[in-house]
Amino acid sequence: MRFGFVVPHADAREFAEIAALGERHGWDGVFTWEAVFGVHAWATLAAAAMVTERIRLGTLLSPVARWRPWDLASAVGTVDRLSGGRVTMSVGLGAVHDGWTAFEPDEGRSVRAQKLGECLAIYDGLLRGQPFGYEGQYFSVRPTEFLLPAPPVQRPHPPVWVVGAWVPGRDRQPSLDRAARWEGLLPGVIEADGQRHVRSLDELAEIIGLVRQRREALGRGAEPYDVVLEADSTGEFVQLDPPDPASWAAAGATWWVESWWTLPHSPDGLAEVR
């Protein structure tokens, strides 16, 4: 198992300093998140790439449906080259809140899901290289040779971790189907009162089993695949039973990401991250 941490509130310079600190103390990954209006996640990760050498850099997460896919591929590819191939992008439908709807309307979950799929398909195609064309409901691309960037260091593209939300008792699991197509899974559970984190080893085993079946059907069962836990060793934000990382690693989790989203947006909160 590898270990990462989220920096919930920081400007680009602060994030870069904390990323370097995490690297010195043996952490495997550091993650930021994407705001509709605020500190730009990919500029922040670029700053961290300049002062680190080993630690992986990523988002947790990117609401891909609101991106133009060629802009996203440009941003991720640039930071991947800058970092020497240390970028991971986590994606999902996004949490719709006032910080989003103050600027953009909520198009609805089904539209966001469709845009997410199309955006990732174009991200994949552009970073694999030309010629590439795509015709979707929301986005279209035709082949071009105009001032093409160098390919990313990680081929065919920097890895993508996808939120996969399991609905107990339902045969159709579109969220898990989507996660199975990419390089990693952020497991969740959807219940009548909404979506939540995985809480038990049995839930994780059920979700991993379903995703493995789908990857086998896609012919990707032998490829490496990450299972990423948003965790919290304090038990304040996420309560896991059992609370120790070793048990979750034995159940199939490959990343434990300390996600202290409840820290205050203040110097004290930043000091706690440090």
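Look at who touches whom in this chain: of the contacts between residues at least 6 apart in sequence, 70% join residues at least 24 apart. Keep in mind that this is a predicted model. The fold is built from nine helices and 11 strands. With a radius of gyration of 18 Å, close to the 19 Å that the globule rule gives for 274 residues, the chain is as compact as a globular protein of that length.

**Overall size and surface**
- The C-alpha trace spans about 50 × 45 × 40 Å along its principal axes.
- Of the 274 residues, 47% are buried.
- The accessible surface comes to about 13400 Å², and carbon and sulfur atoms account for 53% of that.

**What's inside**
- The largest nonpolar core has 58 residues, and Trp42, Leu72 and Met89 have the most contacts inside it.
- Helix H2 gives this core its largest share, six residues.
- Another core, of nine residues, lies apart from that one, with Val6, Phe31, Leu60 and Leu186 among its members.
- Leaving out residues up to four places away in sequence, Trp42 touches Glu34, Thr59, Ser62, Trp67, Leu72, Ala75, Val76, Val79, Val87 and Met89.

- Met50, Val51 and Leu82 make a nonpolar surface patch of about 290 Å².
- Val51 sits in helix H2, which covers residues 41-51.

Notes. Residues numbered from 1 in each chain as written. Predicted model: local features only at pLDDT ≥ 70, side-chain atom pairs only at ≥ 80, totals over all residues. Heavy atoms only, no water. Patch = residues over 30% accessible without salt bridge, like charges linked within 9 Å, V, L, I, M, F, W, Y side chains within 5 Å. Areas by Shrake-Rupley, 256 points an atom, 1.4 Å probe, with all protein chains shown as cover. Salt bridge = Lys/Arg side-chain N within 4 Å of Asp/Glu carboxyl O. Helix = DSSP H or I, 4+ residues; strand = E, 2+ residues; numbered from the N terminus. Rg over C-alpha atoms; globule rule 2.2 N^0.38 Å. Buried < 20%, exposed > 50% of the residue type's maximum accessible area, 1.4 Å probe, protein only. Contact = heavy atoms within 4.5 Å. Core = buried A, V, L, I, M, F, W, Y, C linked by side-chain atoms within 4.5 Å.
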